[in-house]
Amino acid sequence: MKQFGFTISKGRQLNFDEMKTDKVEKLLELVPSYKLCIGCGGCTASCSAAGFTDFNIRKIHTSFLRAQYDGLDEQLKRCMLCGKCLLVCPRGVNTRSLIINMRRVLNNVDAVTWRPQRELKQKEQGGGEQ
Ligand code: SF4
Ligand code: SF4
């Protein structure tokens, strides 16, 4: 049976003194174009994944910017990396790189180890980079 009534929402105030912004700073270093984002939501409006799920890329990157990281990595797995959001962004934010790097920063994976399995296997077998 559907529950009626209302619930008290969690407070949305940001305490800038307590925010842990190290991940945000790292992300801005990796994707400088994100500094140009105006939060217009064009990325969400064009998103392929948003058509099938409640995935909302603007909400995710805004939460990241506010240092509210809980659950973001799990949500980011729904992105198909199709790049449509990249094509429509009026500010030229490299959203696909933003998504990849949000996952990289959330998982503490550096740029060297975050490689396709094929490349890693080649390296293990002494093939090096191509
Ligand atoms: S479309 Fe670009 S400017 Fe607009 S919210 Fe998305 S990333 Fe930010
Ligand atoms: S790259 Fe990801 S966030 Fe961007 S439009 Fe495609 S599915 Fe959506």
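User: Which residues of H3 are buried?

Analyst: A residue is buried if 20 or more other C-beta atoms lie within 10 Å of its own, exposed if 12 or fewer, and partly exposed in between, with C-beta atoms placed from the backbone. Helices are DSSP runs (H or I, at least four residues), numbered from the N terminus. In H3, the buried residues are Ile 57, Ile 60, His 61 and Phe 64. This is a predicted model, in which local features need pLDDT of at least 70 and side-chain atom pairs count only at pLDDT 80 or more, while totals for chains, interfaces and linings use all residues. Residues are numbered from 1 along each chain as its sequence is written, and chains are lettered from A and ligands numbered from 1 in the order in which they are written.

User: Why do the buried residues of H3 line one face of the helix?

Analyst: An α-helix has 3.6 residues a turn, so residues three or four places apart point the same way. In H3, the buried residues fall within an arc of 90 degrees seen down the axis, so they line one face; the arc is that of the directions from the helix axis to the C-beta atoms.

User: Against which helices do the buried residues of H3 pack?

Analyst: Contact requires C-beta atoms, placed from the backbone, within 7 Å. The partners are H1 (22–30), H2 (42–46), H4 (72–76), H5 and H6.

User: Which residues touch the most other members of the largest nonpolar core?

Analyst: A nonpolar core is a set of buried Ala, Val, Leu, Ile, Met, Phe, Trp, Tyr and Cys residues joined through C-beta atoms within 7 Å. Here the largest has 17 residues, and Leu 27, Tyr 34, Cys 47, Ile 57, Leu 98 and Met 102 touch the most other members. Its largest share, four residues, comes from H6. Leaving aside neighbours within four places in sequence, Leu 98 is in contact with Val 31, Tyr 34, His 61 and Val 93.

User: Which residues come nearest to ligand 2?

Analyst: A residue is near a molecule if its C-beta atom, placed from the backbone, lies within 6 Å of it. Of the 15 residues around ligand 2, Cys 47, Cys 79, Cys 82, Lys 84 and Cys 85 come nearest. H6 gives this shell its largest share, three residues. Around ligand 1 there are 13 residues, of which Cys 37, Cys 40, Gly 42, Cys 43 and Cys 89 come nearest.

User: What is phi of Leu 81, and where is its place?

Analyst: Most residues other than glycine have a negative phi. Leu 81 has a positive value, near 55 degrees, and sits in the loop between H4 and H5. With 12 C-beta neighbours inside 10 Å, Leu 81 counts as exposed.

Definitions and conventions
Helices (H or I, at least four residues) and strands (E, at least two) are DSSP runs, numbered from the N terminus. Two residues are in contact if their C-beta atoms, placed from the backbone, lie within 7 Å.
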